[in-house]
Amino acid sequence: MIFSKKKEVFDPYTVEQCTSCNAMTKRKFKDGDFMFKILEKCSKCSGTVMITKIFGELI
Ligand SMILES: [Zn+2]
């Protein structure tokens with residue numbers, strides 16, 4: 001088996017969204033993140049914030 005010399009590195013991002021006011025925050029992916037994970041309360045409206053999207057960018 002021949003390994004490619006080209007190294008593909010993903011730079012994953014997590015999008016958090018408040019279910020009440022729809023405020024969205026894009027940040028770097030952290031270990032333990034998964035889709036629809038409930039996060040801390042929204043800083044603006046105290047609504048529930050959850051992860052709505054996780055995506056990776058090829059760098
Ligand atoms: Zn909110």
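D11 is buried, with a relative accessible area of 16%. Here buried means under 20% relative accessible area, exposed means over 50%, and partly exposed lies in between (1.4 Å probe, protein chains only). This is a predicted model, in which local features need pLDDT of at least 70, side-chain atom pairs count only at pLDDT 80 or more, and totals for chains, interfaces and linings use all residues. Residues are numbered from 1 along each chain as its sequence is written, and side-chain values use heavy atoms, with hydrogens and water left out.

**Salt bridges**

Let's stay with D11 for a moment. D11 forms a salt bridge with K28, which is partly exposed at 47% relative accessible area. A salt bridge here is a side-chain nitrogen of Lys or Arg within 4 Å of a carboxyl oxygen of Asp or Glu. Side chains of opposite charge can pair when their charged atoms come close. By this rule the count comes to 3 salt bridges, listed here:

| Pair | Closest N and O atoms |
|---|---|
| D11 and K28 | 3.0 Å |
| D33 and R27 | 2.9 Å |

Which residues are linked in a network of salt bridges? They are E16, R27 and D33. E16 is buried, with a relative accessible area of 17%, and R27 is buried, also with a value of 17%. D33 is buried too. E16 sits in strand β1 and R27 in strand β2, 11 residues apart.

**The sheet**

Now for the strands themselves. The protein chain has 0 helices and 4 strands; helices (H or I, at least four residues) and strands (E, at least two) are DSSP runs, numbered from the N terminus. The 4 strands form an open sheet in the order β2-β1-β4-β3, with antiparallel pairing. Two strands pair if DSSP finds at least two bridges between them. The edge strands, each pairing on one side only, are β2 (24-28) and β3 (38-41).

Strand β1 (residues 10-18) is largely enclosed by the rest of the structure, because 7 of its 9 residues are buried. On one side, 9 bridges join β1 to β4, where the bridge partner of E16 is I51. Another 5 bridges join β1 to β2, and in β2 the bridge partner of T14 is R27. β1 and β2 also form a hairpin with 5 residues between them, and N22 in the turn has a positive phi of about 65°.

**Loops and surface**

Where is C45 placed? C45 lies in the loop between β3 and β4. At 34% relative accessibility, C45 counts as partly exposed. Leaving aside its neighbours within four places in sequence, C45 is in contact (heavy atoms within 4.5 Å) with C18, S20 and C21. C45 and S20 are 25 residues apart in sequence and 7.4 Å apart in space, C-alpha to C-alpha.

Is F36 buried or exposed? At 54% relative accessibility, F36 counts as exposed. F36 is found in the loop between β2 and β3.

Finally, a look at the whole chain: buried residues make up 24% of the 59 residues.
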